[in-house]
Amino acid sequence: MPRFLDHHAKMPPMPPAAMEQGKKMLEQMKADIKAKKADKFGVTPVNVFMGANGESWCLTDGPDVNAVIKAHEAHGAKLTKNDIVEVSPLV
């Protein structure tokens, strides 16, 4: 299965209620990563990396770039094909 790394340039500032919802979403993301469970688009989250400057990157396995885009859209995160690169491990 292909592996993809996508980039989210900046997360917008959130009001307190949205931050609480964001915490719940992060907990669900952690659970999904630990379960190694594919979503309805066939995308399996591998890991998420958060930068101190507000940037983030998602590492996922999936059938193709379009599936990664659809999986993100289902969580309210917009991506374009330019935000995603197929990657291969060196080790």
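Mentor: A polar contact is a pair of N or O atoms within 3.5 Å; within protein, one of them must be able to donate a hydrogen and the other to accept it, and residues adjacent in sequence count only if both atoms are side-chain atoms. Helices (H or I, at least four residues) and strands (E, at least two) are DSSP runs, numbered from the N terminus. The model is predicted, so local features need pLDDT of at least 70 and side-chain atom pairs count only at pLDDT 80 or more, whereas totals for chains, interfaces and linings use all residues. Residues are numbered from 1 along each chain as its sequence is written, and side-chain values use heavy atoms, with hydrogens and water left out.

Trainee: What makes aspartate 64 a cap of helix 2?

Mentor: A side-chain oxygen of aspartate 64 lies 3.1 Å from the backbone nitrogen of asparagine 66, at the N-terminal end of helix 2; the value is within the 3.5 Å limit, and therefore the pair meets the distance criterion. Just after helix 2, glycine 76 takes a positive phi of about 85°.

Trainee: Which residues of helix 2 are buried, and what covers them?

Mentor: Buried means under 20% relative accessible area, with exposed over 50% and partly exposed in between (1.4 Å probe, protein chains only). In helix 2 the residues that count as buried are Ala67, Val68, Ile69, Ala71 and His72, and their cover includes strand 1, strand 3 and strand 4 (84–87).

Trainee: What makes up the largest nonpolar core?

Mentor: Such a core is a set of buried Ala, Val, Leu, Ile, Met, Phe, Trp, Tyr and Cys residues joined through side-chain atoms within 4.5 Å. The largest one has eight residues, namely Phe4, Val43, Ala67, Val68, Ile69, Ala71, Leu79 and Ile84, and helix 2 (residues 65–74) gives the largest share, four residues.

Trainee: Why are strand 2 and strand 3 called paired?

Mentor: Pairing requires that DSSP finds at least two bridges between two strands; six bridges join strand 2 (residues 44–50) to strand 3 (residues 56–61), which run antiparallel, and therefore the two strands pair.

Key: Contact = heavy atoms within 4.5 Å.
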